[in-house]
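Student: I would like a close look at one part of this structure. Please take the salt bridges, then the backbone details in the loops.

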Amino acid sequence: MVAPSGDQFEIAAGGYRAVVTECGGGLRVLEHRGRALVDGFEEAAMSRAARGQLLMPWPNRIGDGAYTFDGRELQLALSEPDRSNASHGLVRWAAWSPEEHTATSVSLGYRLMAQTGYPWTLDLHVLYDLSADGLTVTQTATNLGDRPAPYASGAHPYLSAGPGPVDGWELTLPASVRLLADERQLPVGREEVTGTPYDFRVARPVRDTVLDHAFGELARDEQGVATAQVRDPGTGLGTALWVDRHHPWLMVFSADPPGTGARCALAVEPMTAPPDAFRSGDDLLTLAPAGEPGDEVSVSWGIRALE
């Protein structure tokens with residue numbers, strides 16, 4: 001029998017343990033000294049609500065799946081048909097191949113072939129590496145074709161600070177701007193978070209705030225790293241997610257709709273571009289043709305325990 005998420009690749013170091021899956025190259029388990037840092041899924045189950053999945057060659061949504069690039073009008077399949085969107089890229093259900101698996105790290109690759117709506121061939125890679133500092137994830141894309149390719153990436157971990165719901169957790173989110181979205185979760189504007197219920201630049205309880213928003217203008221340290229945190233004030237334990245300078249956006253989702261987890265975890269999603277970037281062009285990357293400077297991009301993010 002093959003698990004719904006395919007082969008399982010376990011790694012461990014510094015008190016951390018992770019399990020990465022063949023399906024989507026995703027993160028199914030991340031623990032620190034036996035404490036879950038992400039709300040994942042069982043080996044006998046499929047990922048639900050995008051848990052742990054990689055979002056490539058775009059994160060979030062493309063309205064109507066229709067966009068124009070390099071003089072071509074293109075149409076993607078609508079993977080979110082109820083909202084008429086193309087959602088979360090093209091690789092989260094694909095079988096990724098292991099490249100190297102050690103006790104502390106695993107790398108997987110997938111060749112995304114040119115197809116209807118995305119007529120470019122990319123080599124995609126992901127490296128999961130554990131150390132005493134936690135988990136570092138590096139996502140890489142290389143254009144193999146002879147024409148420039150649009151590209152963005154993301155990931156979909158659900159952070160955990162202990163037994164839910166998230167209402168009692170404290171959230172720290174270093175973002176000063178929130179994207180406003182319509183009923184299809186497509187951007188229609190932006191607002192400063194100052195004076196709104198969405199200002200979490202100083203840690204405070206989530207309470208009943210419904211979160212399903214992209215946040216930008218992230219405050220960063222001297223190394224260009226921005227860090228979000230969730231913490232249970234009762235235990236003092238929590239989880240931090242950091243992103244490098246290539247990630248100007250974080251999508252935060254409190255898992256409110258039925259079937260998504262009843263606010264038991266908080267998705268904090270690294271994104272190199274905001275929702276609908278293939279149509280707006282906002283922060284969208286262009287991979288140069290194969291063999292030319294700029295034909296490859298690597299970005300990193302990670303998760304660590306708070307104690």
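Tutor: What follows takes the charged pairs one by one, then turns to the loops.

The model is predicted. A search of the whole structure finds 15 salt bridges.

Begin with D167 and R263. They form a salt bridge, and their closest N and O atoms are 3.1 Å apart. D167 sits in the loop between strand 16 (158-159) and strand 17 (170-172). R263 sits in the loop between strand 24 (249-253) and strand 25 (266-271). The pair therefore ties together parts that are 96 residues apart in sequence. The two partners have their own accessibility values. D167 is partly exposed, with a relative accessible area of 25%. R263 has 10% relative accessibility and counts as buried, because buried means under 20%.

Now take E80 and R83. Their salt bridge has its closest N and O atoms 3.3 Å apart. E80 is buried, at 12% relative accessibility. R83 is partly exposed, with a relative accessible area of 25%.

Next come R279 and D276. Their side chains meet in a salt bridge of 2.9 Å, N to O. D276 counts as buried, at 8% relative accessibility. R279 is partly exposed, and its relative accessible area is 41%. There is also a network: E10, R17 and E31 are joined into one by salt bridges that share partners.

The peptide bond from G164 to P165 is cis, with omega near 5°.

A cis peptide bond joins M56 and P57, and omega is about 5°. P57 lies in the loop between strand 5 (54-55) and strand 6 (61-63).

Finish with the loop between strand 4 (35-36) and strand 5, where A49 is placed. A49 is not a glycine, yet its phi is positive, near 55°. A50 is found in the loop between strand 4 and strand 5 too. A50 has a positive phi of about 70°, although A50 is not a glycine either. A49 is partly exposed at 29% relative accessibility, whereas A50 is buried at 7%.

Terms used. Residues are numbered from 1 along each chain as its sequence is written. This is a predicted model: local features need pLDDT of at least 70, side-chain atom pairs count only at pLDDT 80 or more; totals for chains, interfaces and linings use all residues. Side-chain values use heavy atoms; hydrogens and water are left out. A salt bridge is a side-chain nitrogen of Lys or Arg within 4 Å of a carboxyl oxygen of Asp or Glu. Buried means under 20% relative accessible area, exposed over 50%, partly exposed in between (1.4 Å probe, protein chains only). Helices (H or I, at least four residues) and strands (E, at least two) are DSSP runs, numbered from the N terminus.
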